[in-house]
Amino acid sequence: MQTRWIGDRAVSAIGLGGMPMSIEGRPDERRSVAAIHAALDAGVTLIDTADAYHRDANEVGHNESLIAGALASYGGDTSGVLVATKGGHLRPGDGSWTQNGDPAYLKQACEASLKRLGVEAIGLYQFHRPDPRVPFADSVGALRELLDEGKIVRAGLSNVDPEQIRQAREILGDDLVSVQNQFSPAFRSSEPELYLCNELGLAFLPWSPFGGITRAAGLGDRFAVFAEVATAHGVSPQQVCLAWLLAKSPVVIPIPGSSRPETIRDSVAADSLELSAAELLRLDAA
Ligand SMILES: NC(=O)c1ccc[n+]([C@@H]2O[C@H](COP(=O)([O-])OP(=O)(O)OC[C@H]3O[C@@H](n4cnc5c(N)ncnc54)[C@H](OP(=O)(O)O)[C@@H]3O)[C@@H](O)[C@H]2O)c1
């Protein structure tokens, strides 16, 4: 698979999003582990997770633990795999997502993620979402301290705007390597952040590239052009979507969620799908 860059680290151009394996509606663990192993077999070297990818309040870090276990039980070499996690979101267990950007909390959350992932330093630690009750610079300051303490190797942001990206760069310098925002055929309003990442050389990780777990299967029904281009190439609309995202900029690294070997294998094949300039224009206009 082609590689792309997250700071100084080369990763597969298509990553794996871990959320469907751990939140409401998740499958049994065996299927999720099979999906992670299928991703590794297919050459995926970026796995996106978060301490908040869990269902019940008493199982914080479910997805981090699942991924750490799947890497440990994989037969092959996993030293080239970057597990990117996040802190700053919480799930009280009633289905809601709350926030805590307090620096002391973020540092404590990172310590817990370190233990669950079983590593000495987290390769990419992302601030999950700015907390309106805490000055953004204070939350980013926690990432600075974690970098200085060697607890994390690289820092990323999620759900931020261009001003916040610039502000964080002043605090983190070149240690800020990525931005993870929502971007899909249905949600394109993160274009300013994508363009800024392209300008600054930061990786841009579009989340929910198919519109999210419950809408992913219907992508081709909701966006007929994606289905038409897919039919022309004999591939799935989801593959077309990922190839369209990859073509937007060399900094884009999609992280499609998956909980089945078949879906991650299909997604990975988007790496070799070449769309014409005319097709890309049609998809842009869809
Ligand atoms: N930073 C944030 O605030 C934030 C928010 C949301 C998500 N994320 C991250 O972004 C990742 C992706 O987002 P998402 O999981 O919400 O939504 P998504 O990637 O748009 O959709 C996920 C669903 O797509 C299905 N799928 C995957 N590949 C497919 C294919 N080739 N053909 C047909 N269906 C396919 C999967 O089904 P199966 O489960 O049946 O395999 C999966 O449940 C998450 O897993 C998470 O890591 C981050």
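1. In this predicted model, a polar side-chain atom of N159 lies 2.9 Å from an oxygen atom of the ligand, a polar contact being a pair of N or O atoms within 3.5 Å. A backbone N or O atom of G211 is 3.4 Å from an oxygen atom of the ligand, and an N or O atom in the side chain of Y53 is 3.2 Å from a nitrogen atom of the ligand. Taken alone, the ligand exposes 890 Å², of which the protein buries 91% (Shrake-Rupley areas with a 1.4 Å probe).

2. There are 29 residues around the ligand, and those that come nearest are D48, S158, S259, R260 and T263 (near means that a heavy atom lies within 4 Å). By class, this shell has ten nonpolar, 15 polar and four charged residues, with Gly counted among the polar ones.

3. Y53 also belongs to an aromatic pair with W97: the ring centres are 6.3 Å apart and the planes stand at 80 degrees, so the pair is edge-to-face (centres within 6.5 Å make a pair; planes under 30 degrees apart are stacked, over 60 edge-to-face, the rest tilted). Y53 lies in the loop between β4 (46-48) and α2 (62-73), whereas W97 lies in the loop between β6 (89-90) and β7 (98-99), 44 residues apart.

4. On method, residues are numbered from 1 along each chain as its sequence is written, and side-chain values use heavy atoms, without hydrogens and water. Local features need pLDDT of at least 70 and side-chain atom pairs 80 or more, while totals for chains, interfaces and linings use all residues.

Technical notes
A polar contact is a pair of N or O atoms within 3.5 Å; within protein, one must be able to donate a hydrogen and the other to accept it, and residues adjacent in sequence count only if both atoms are side-chain atoms. Rings of Phe, Tyr and Trp (its six-membered ring) pair if their centres lie within 6.5 Å; planes under 30 degrees apart count as stacked, over 60 as edge-to-face and the rest as tilted. Helices (H or I, at least four residues) and strands (E, at least two) are DSSP runs, numbered from the N terminus.
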